[in-house]
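Dear colleague,

Please find below the structure that I am handing over to you.

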Amino acid sequence: MSRSPSLPERPHRDIDPDLPDDERLEALRDHFDDIVDVHEQLSDQLDEAEKRREQLREKVDRVERENETLKSSSLYIATVEDVMADDEVVVKQHGNNQEVLTEVSPRVADRVEPGDRVAVNDSFAIQTVLDAETDARAQSMEITEKPEVGYEDIGGIDEQVREVREAVEQPLSEPEVFDEVGIEPPSGVLLYGPPGTGKTMLAKAVANKTDATFIKMAGSELVRKFIGEGSRLVRDLFEMAREREPAIIFIDEIDAIATTRSESKTSGDAEVQRTMMQLLSEMDGFEARGEIRIIAATNRFDMLDRAILRPGRFDRLIEVPEPDRDGREQILEIHTRDMNIADGVDFDALADDTEGYSGADIESLATEAGMFAIRNERNEVTHQDFVEALEKIENDDSSDVISSAGYFYQ
Ligand SMILES: Nc1ncnc2c1ncn2[C@@H]1O[C@H](COP(=O)(O)OP(=O)(O)OP(=O)(O)O)[C@@H](O)[C@H]1O
């Protein structure tokens with residue numbers, strides 16, 4: 001950052017009023033010259049400052065534009081192969097291994113070195129150098145040593161809890177049972193059903209029960225965030241799990257990487273395809289009796305590529321449906337456990353009135369009822385609060401969210 005130049009000294013002359021006229025005139029002329037001189041220096045400085053302001057404005061505009069591009073578009077991942085003169089580099093794009101000679105944005109030019117992983121835009125100009133923070137791996141995985149969800153927090157899907165415990169918990173906690181009987185436990189478990197029904201909770205509860213590390217990755221992140229990184233991220237995911245055994249890998253929205261092959265052969269499809277192949281090859285080389293269990297979830301069972309359901313892959317399917325009447329009552333009780341509930345609250349009636357609600361919807365209902373109590377300056381939640389909360393939710397969501405029309409909505 002350049003410092004601002006110091007101001008010229010203010011011209012000053014003591015002119016004796018008793019001097020003869022011609023001498024006084026001479027002195028005044030000199031003083032005038034001094035003033036003109038200072039004026040010129042100040043004008044130069046002003047020009048300089050103006051020029052600098054213009055440069056800074058341009059820089060701000062450029063950074064803003066770069067920022068906008070970074071925010072608005074997907075970026076591709078590439079590795080820098082060679083750095084040349086004139087801010088030019090050769091990068092190799094991940095995924096298709098295409099080599100390109102491209103420019104580096106001046107903002108990052110001096111930070112780019114061969115071997116760096118970088119994000120490039122559609123025209124291959126380097127936008128960012130990936131460091132630990134921006135690394136896609138860090139951004140797309142959620143790792144929890146011990147999730148705080150227990151089976152007792154899950155309502156209305158007892159049968160599914162039992163199946164998940166058998167398919168995921170038991171191979172981890174009692175592997176000898178499978179050895180003795182001489183069968184392989186299921187390789188992967190696929191939970192499918194409408195959104196907000198407790199699929200993620202189920203996976204977390206098993207991790208909690210077995211003291212396994214919970215590693216979650218969303219299928220959509222795998223293919224959307226950093227194009228070209230999908231298969232590498234899948235490799236990282238399994239490596240991460242091996243480093244932290246016992247571990248539960250949970251892939252949410254698996255449909256994003258395992259959709260039925262579409263006819264069109266765009267580069268996006270090819271990328272999704274590669275990511276899925278990597279997942280399948282990781283699963284195929286997987287020790288079923290090992291300390292890593294894999295659970296995937298989807299709301300779009302209809303769209304899944306059947307290749308992932310073959311034996312040795314996701315070979316145990318568990319449907320997690322919307323809760324029935326009794327299930328809704330149980331979930332209501334779970335989500336009001338810590339609330340100050342008035343005597344007259346009729347859970348039985350509320351279970352009747354919440355047909356088509358998922359567990360997540362019921363959780364919002366309980367919170368909303370609590371808000372009505374607070375708004376009315378009460379610390380006890382009454383049946384009327386629940387009724388008003390129901391009305392509010394029905395009005396807010398009349399268009400799409402709560403629907404019992406099946407679960408293939410997004
Ligand atoms: N069966 C349930 N019992 C108790 N709470 C539930 C149940 N299902 C959902 N919830 C509540 O809804 C929230 C969201 O549930 P969860 O994330 O497990 O749903 P999901 O099926 O994985 O949804 P998505 O398909 O949208 O990822 C949970 O944190 C929990 O508070």
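A word on the annotation comes first: UniProt positions are given here in the numbering used for this structure, feature names are shortened, and annotations may be inferred rather than shown by experiment. This is a predicted model, in which local features need pLDDT of at least 70 and side-chain atom pairs count only at pLDDT 80 or more, whereas totals for chains, interfaces and linings use all residues. Residues are numbered from 1 along each chain as its sequence is written, and side-chain values use heavy atoms, with hydrogens and water left out.

Overall composition

The protein chain has twelve helices and twelve strands; these are DSSP runs, numbered from the N terminus, with helices being H or I of at least four residues and strands being E of at least two. Of the 410 residues in the protein chain, 43% are buried. Buried means under 20% relative accessible area, exposed means over 50%, and partly exposed lies in between, for a 1.4 Å probe and protein chains only. Contact means heavy atoms within 4.5 Å. Among the contacts between residues at least 6 apart in sequence, 72% join residues at least 24 apart.

The annotated binding site

The unreviewed UniProt entry places the feature "binding site" at G196, T197, G198, K199, T200, M201 and H335. G196 lies in the loop between β7 (188-192) and α5. G196 counts as partly exposed because its relative accessibility is 34%. Leaving out residues up to four places away in sequence, G196 touches S358, G359 and A360. H335, by contrast, is placed in helix α9 (residues 325-335). With a relative accessible area of 26%, H335 is likewise partly exposed. Apart from neighbours within four places in sequence, H335 is in contact with E363 and A366.

Helix packing

For both, axes are lines fitted to C-alpha atoms, over the stretch in contact, and angles run from 0 to 180 degrees between N-to-C directions. Angles under 35 degrees count as roughly parallel, over 145 as roughly antiparallel, 65 to 115 as roughly perpendicular and the rest as oblique. A crossing is left-handed if the near helix is turned anticlockwise from the far one by less than a right angle, and right-handed if clockwise. For residue classes, Ala, Val, Leu, Ile, Met, Phe, Trp, Tyr, Cys and Pro count as nonpolar, Asp, Glu, Lys and Arg as charged, and the others, Gly among them, as polar.

The axes of helix α3 (residues 158-173) and helix α5 (residues 199-210) come within 10 Å and cross at roughly 40 degrees. The angle therefore makes α3 oblique to α5. The crossing of α3 past α5 is right-handed. On the α3 side, Q160, V161, V164, R165, V168, E169 and L172 meet L202, V206, K209 and T210 of α5. By class, this contact has six nonpolar, two polar and three charged residues.

Helix α11 (residues 359-375) and helix α12 (residues 383-396) pack with their axes 8 Å apart, at an angle of about 120 degrees. α11 is therefore oblique to α12. α11 also passes α12 in a right-handed crossing. Here S364, L365, A366, E368, A369, F372 and A373 of α11 meet D385, F386, E388, A389, L390, K392 and I393 of α12. The residues of this contact divide into nine nonpolar, one polar and four charged.

T354 is located in the loop between α10 (347-353) and α11. T354 counts as buried, at 1% relative accessibility. Not counting residues up to four places away in sequence, T354 touches R328, L365 and L390. H383 is found in helix α12 and counts as partly exposed at 23% relative accessibility. With the same exclusion of residues up to four places away, H383 touches G344, V345, D346, A349 and L350.

Backbone geometry

Most residues other than glycine have a negative phi, and most peptide bonds are trans. The peptide bond from E245 to P246 is cis, with omega near -10 degrees. P246 is found in the loop between α7 (230-243) and β10 (247-252). F124, in the loop between β4 (117-120) and β5 (126-129), has a positive phi near 70 degrees. E253 also has a positive phi, near 50 degrees, and is found in the loop between β10 and α8 (267-284). At a relative accessible area of 32%, E253 is partly exposed.

With kind regards
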